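Biologist: Could you take one part of this model and walk me through it closely? I'd like to hear how it sits among its neighbours.

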Amino acid sequence: MKLNRQASALVALVVVASCSSLITQAGRLEADGDEASAGGSVQWQPPSFCRGKDCPEFEVLQTRDDVELRHYKRAHWISTNVSNAKWSEAYDEGYKRLQKYVSGENVNSTKLPQTNPSFTLLYVADPKAHTMQTTYTIEYFVPFELQEKPPQPNSTDLAVTPVDEQEVWVVAFGGFATEEIVIQRGFEFIANLTGDGIDVHTEFIGLALYDQPARLIKRHNELWLWSKTQPSAALRRTRTTAGGGTENDDDVGAVLRFKRMFEAVVKRVMGGRD
Ligand SMILES: *[C@@H]1O[C@H](CO)[C@@H](O)[C@H](O)[C@H]1NC(C)=O
Ligand SMILES: *[C@@H]1O[C@H](CO)[C@@H](O)[C@H](O)[C@H]1NC(C)=O
Ligand SMILES: *[C@@H]1O[C@H](CO)[C@@H](O)[C@H](O)[C@H]1NC(C)=O
Ligand SMILES: *[C@@H]1O[C@H](CO)[C@@H](O)[C@H](O)[C@H]1NC(C)=O
């Protein structure tokens, strides 16, 4: 079974010494300025922590010690909101819903291959008390071959979401990602970046999991924090040139739309508070 059982993860955590495999491999853009292939796309080599599965394409813009600033391309994800006091239970429920979609519960009855990462968006409730909201968004990255036309889910619990290009700060950690570890490291990460004057959204934290529970060593997990800066103008120019000017994304508009989407979620889950 593909279900990431946090309970067994916890047990295993006690047994297996936390193996801190911090970022060692960075995503690599095999960018070749001269080669304007059909559609202007360049061949992307997913990093080894994607474990041979499709995973969203990114470029490393900056590295500070074990932290990377990544630029992700626009891509389709399937998402579902789950309410539960415990992240592990919300995650299992969200994962189950997504697996149904993947195994053919979509209008085309298409079976989709597994992709990476398994993603959760966690919303901060009280930044001082280090508590999280009890609604989580669990997400599945649409495989490359269906990116252009992801099949619509049958269930209204799921939505196909085009996520616009984005800049995120990423720190990787090994071992099993328990709720306790995620929350502790998440707030440390926020404190570290904001403490160094880096402008990030502090209302939500992304958690990207890349490994099945059966893998005991060299597990790869990541925490994501969204940069408040716009995707760099330099990148935009590069891509426009490489694409032969065929794609004329309204990048600033795209980022604003992305932010609005998350702000809407935050507002909703914060509803009732002052
Ligand atoms: C999903 O919807 C499609 C189209 O309405 C239908 O053919 C298919 O049987 C549905 N699948 C499930 C598992 O309900
Ligand atoms: C999926 O089904 C819809 C509605 O029947 C259709 O418009 C669409 O082209 C199909 N997509 C694929 C990838 O077959
Ligand atoms: C953030 O972490 C880096 C090491 O990754 C360290 O050099 C820096 O001092 C930390 N900043 C703060 C504000 O803790
Ligand atoms: C999740 O919640 C947000 C905020 O209310 C909403 O915009 C989004 O459509 C929801 N997603 C699904 C799949 O229901």
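Modeller: Strands β9 and β11 (residues 221–226) run antiparallel and pair over 6 bridges, where pairing takes at least two DSSP bridges between two strands. Strands here are DSSP runs of E with at least two residues, numbered from the N terminus. Within that pairing, A172 sits opposite E222 in β11. Strand β4 (residues 67–72) is also joined to β9 by 6 bridges, again antiparallel, and there L69 faces W169 in β9.

A word on the ground rules: this is a predicted model, so local features need pLDDT of at least 70 and side-chain atom pairs pLDDT 80 or more, while totals for chains, interfaces and linings use all residues. Residues are numbered from 1 along each chain as its sequence is written, chains are lettered from A and ligands numbered from 1 in the order written, and side-chain values use heavy atoms, leaving out hydrogens and water.

Back to β9, which spans residues 166–173: 8 of its 8 residues are buried, that is, under 20% relative accessible area with a 1.4 Å probe, counting protein chains only. In a regular strand, side chains alternate between the two faces of the sheet. For β9, one side carries Q166, V168, V170 and A172, and the other has E167, W169, V171 and F173. Both of these faces are covered, with every one of those residues buried.

Definitions and conventions. Buried < 20%, exposed > 50% of the residue type's maximum accessible area, 1.4 Å probe, protein only. Helix = DSSP H or I, 4+ residues; strand = E, 2+ residues; numbered from the N terminus.
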